[in-house]
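Q: Help me get my bearings in this model. Start anywhere you like, and keep it simple.

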Amino acid sequence: MMKTIVTTTETTMMVKMNRSDQNEAQHMTSLEIAQLSGKNHKDVLKAIRNMEPSWMTITGRKFALCEKTYLMANGVEKKQPYYSLTKTETLYIATKFNDEARARLVLRWEQLEKERLMEMQKPKQRPKEIRLLACDEEVLDEADDILGDELAKLNKYSRNCYTASEIAKVFGMDGRDLNSFLADQNIIRWARGQWRLTQKYKHMELTEDRYKYVHDLDGHRKLVSYLVWTEKGREFLLSLIED
């Protein structure tokens, strides 16, 4: 049962590269490497750091270290480092992986190269425009992938739960009526902009938090949660209302 969730909002990725060909070469992040290889990201970071000195000895350069910024629920920013690697660097890191993980990385690079070839066959634009669009699309696509993966993980336990509106519909009510009734029964209470279980019912596994991304009036993306009812919670409410 998931008890504590670290909420995040839209990330702004500030990437500092130390090579002149960064705008031209394709890259794979350590986040994607971790996903493809089935490893924890922190373990991939550790492996990259351990292999970096040997790489520097041969090539004279470090791996490109980047970071993304999360905004925690309490308003405090948290930074997470990750690496952005070229194909050669990725395959060098993959020498420490098993055969299956290396195969996934090779196939992913094959896919990236096919996509790059298709992109090159599109009508030409001015070089500056092409670089800017590629950079924007790369950042947006990667940000969407990261946010989508995080949202799927956050909603792992609430996937098969019910909203108040779905349960209320059985009795010809709407979600607001049901929530008002439950508040009168001291089962839920309004706290910090959302409905929460009261202390008496808090540890009975009746509810979960479901998460979604919304945009505020300034266009900033943020993560919000709302209460949904488990199957046990649904049966509890049906029994309560029918009685």
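This is a predicted model: local features need pLDDT of at least 70, side-chain atom pairs count only at pLDDT 80 or more; totals for chains, interfaces and linings use all residues.

**A chat about the fold**

Q: Where is T198 found?
A: T198 sits in the loop between β6 (194-197) and β7 (207-215). Strands and helices here are DSSP runs numbered from the N terminus (E, at least two residues, for strands; H or I, at least four, for helices).

Q: OK, back to T198. Buried or exposed?
A: T198 is buried, because its relative accessible area is 7%. Buried means under 20% relative accessible area, exposed means over 50%, and partly exposed is in between (1.4 Å probe, protein chains only).

Q: What does T198 touch?
A: Leaving out residues up to four places away in sequence, T198 touches N186, I187, I188 and R189. Contact means heavy atoms within 4.5 Å.

Q: And L197, where is that?
A: L197 is in strand β6. L197 counts as buried, because its relative accessibility is 9%. Its contacts, setting aside neighbours within four places in sequence, include I187, I188, R189, L227 and W229.

Q: How far is L197 from N186?
A: Their C-alpha atoms are separated by 8.6 Å, and the two residues are 11 apart along the chain.

Q: N186 keeps coming up. Where does N186 lie?
A: N186 lies in the loop between α7 and β5 (188-191). N186 is exposed, at 51% relative accessible area.

Q: What about the phi of N186?
A: Phi of N186 is positive, near 60 degrees, and N186 is not a glycine. For context, most residues other than glycine have a negative phi.

Q: What is the phi of E205?
A: E205 has a positive phi of about 60 degrees, and E205 isn't a glycine either. E205 is in the loop between β6 and β7, and E205 is partly exposed, with a relative accessible area of 45%.

Q: Switching to helices. How many helices and strands are there?
A: The protein has 8 helices and 8 strands. Buried residues make up 35% of its 243 residues. Of the contacts with a separation of 6 or more, 61% are between residues 24 or more positions apart.

Q: How do α7 and α8 pack?
A: Helix α7 (residues 175-184) and helix α8 (residues 231-242) pack at an angle of about 80 degrees, with axes 12 Å apart. The axes are lines fitted to C-alpha atoms, for helices over the stretch in contact, and angles between N-to-C directions run from 0 to 180 degrees. So α7 and α8 are roughly perpendicular to each other. The cut-offs are under 35 degrees for roughly parallel, over 145 for roughly antiparallel, 65 to 115 for roughly perpendicular, and oblique for the rest.

Q: Which residues make that contact of α7 with α8?
A: L178, F181 and L182 of α7 meet L237, L240 and I241 of α8. By class, that contact has 6 nonpolar, no polar and no charged residues. Nonpolar covers Ala, Val, Leu, Ile, Met, Phe, Trp, Tyr, Cys and Pro; charged covers Asp, Glu, Lys and Arg; the others, Gly among them, count as polar.

Q: What about α1 and α4, at what angle do they cross?
A: The axes of α1 (residues 30-37) and α4 (residues 99-120) come within 8 Å and cross at roughly 125 degrees. That makes α1 oblique to α4. The contact is made by E32, I33, L36 and S37 of α1 and A101, R104, L105 and R108 of α4. Those residues divide into 4 nonpolar, 1 polar and 3 charged.

Q: Now α2. Where does its kink lie?
A: Helix α2 (residues 41-59) has a kink of about 40 degrees at E52, shortly before the proline P53. The bend is the angle between axes fitted to the seven residues ending at a residue and the seven starting there.

Q: Which residues of α2 are buried?
A: Among them are V44, L45, I48, M51 and W55. What covers the buried residues of α2 includes α1, β4 (77-85) and α3 (87-93).

Q: What does V44 touch?
A: Not counting residues up to four places away in sequence, V44 touches S30, I33, A34, S37 and K39. V44 and I33 are 7.6 Å apart, C-alpha to C-alpha, and 11 residues apart in sequence. V44 counts as buried, at 1% relative accessibility.

Q: And what follows α2?
A: G60 does, with a positive phi near 80 degrees.

Notes: Residues are numbered from 1 along each chain as its sequence is written. Side-chain values use heavy atoms; hydrogens and water are left out.
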